[in-house]
Amino acid sequence: MTGITLAVPSKGRLEELTRDWFAANGMTITRPGGARSYLGAVEGHPDITVRFFPASEIARELIRGTIDIGVTGLDLIHETSEIGPSAVHIAKPLGFGKADCVVAVPDSWIDVTHMHDLADVASDFRSRHGRWMRIATKYITITRQHFAKAGIAEYRTVESLGATEAAPASGVADIVVDITTTGSTLAANGLRVLEDGVMLQSEACLIVSRTADWPAERKALLYTVLAKLGANAGA
């Protein structure tokens with residue numbers, strides 16, 4: 001196989017912005033089968049196969065190496081697997097889909113402003129409340145890594161399947177780790193981000209799989225495509 005596979009988000013605003021970005025860089029993505037089709041193409045580039053996938057699936061398949069290049073959020077690369085960041089190369093941040101993955105606590109926790117304050121709370125929580133501090137989040141991997149770096153181990157995660165920011169008010173959790181663009185939804189639910197609580201600044205990126213098979217001919221094609229897109233080829 002000498003061609004390469006490009007994966008782009010399959011729906012919504014992220015698909016629209018991704019296709020606009022490629023078009024602005026001289027590569028028009030088509031979807032001949034319509035919105036329900038998972039197969040596309042790039043006009044004038046028969047050696048590029050386009051696949052339309054959910055952004056989370058793009059992250060997973062880039063890490064596995066079953067697709068070659070793709071557009072997805074940096075947060076999904078970090079969350080999907082602990083080896084995610086080392087399994088891919090960030091060829092170019094695209095300037096859209098920006099959001100921060102943050103640690104937010106209730107406004108009533110007036111003495112908790114930094115992660116070291118939260119570490120003190122976590123260590124005292126069990127003796128005061130008879131249980132560990134609970135963190136509602138969809139970002140289990142990122143939470144585990146960040147809290148380990150902060151020396152916080154006495155907590156448990158509550159996987160959030162709905163509105164994470166509502167978890168403390170409903171009594172499901174004590175604090176949250178969530179993705180936010182403006183912080184307004186967190187504030188509306190009586191939560192505030194710790195002053196050093198931004199764990200990851202994310203945005204949509206053009207990403208190359210390091211684990212895909214890259215013989216010389218395919219690598220040459222990749223470098224040509226990346227050069228056309230003004231992206232960094234990396235090592």
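A pocket is an open set of points on a 1 Å grid over the protein atoms alone, with protein on both sides within 12 Å along at least five of seven lines; its lining residues have an atom within 4 Å of a point. Leu14, Ala55, Gly73, Asp75, Leu76, Gly97, Ala99, Tyr139, Ile179, Ser202, Glu203 and Ala204 line the largest pocket.

This is a predicted model: local features need pLDDT of at least 70, side-chain atom pairs pLDDT 80 or more, while totals for chains, interfaces and linings use all residues. Numbering runs from 1 along each chain as its sequence is written, and side-chain values use heavy atoms, without hydrogens and water.

A volume is the space filled by probe spheres set on the points, which are joined across faces, edges and corners.

| Pocket | Volume | Lining by class |
|---|---|---|
| Largest | about 200 Å³ | seven nonpolar, three polar, two charged |

Ala, Val, Leu, Ile, Met, Phe, Trp, Tyr, Cys and Pro count as nonpolar, Asp, Glu, Lys and Arg as charged, the others, Gly among them, as polar. The second largest pocket is lined by residues including Trp109, Asp120 and Arg128.

Now the sheet. Five strands (DSSP E runs of at least two residues) form an open, mixed sheet ordered β9-β8-β10-β7-β11. Its edge strands are β9 (155-159) and β11 (191-202). Pairing requires at least two DSSP bridges between two strands. Strands β7 (residues 99-106) and β10 (residues 175-180) pair antiparallel over five bridges. Ala104 has Val176 of β10 as its bridge partner.

Methods. Helix = DSSP H or I, 4+ residues; strand = E, 2+ residues; numbered from the N terminus. 1 Å grid on protein atoms, 1.4 Å probe; cavity = no way out; pocket = protein on both sides within 12 Å on 5 of 7 lines; lining within 4 Å.
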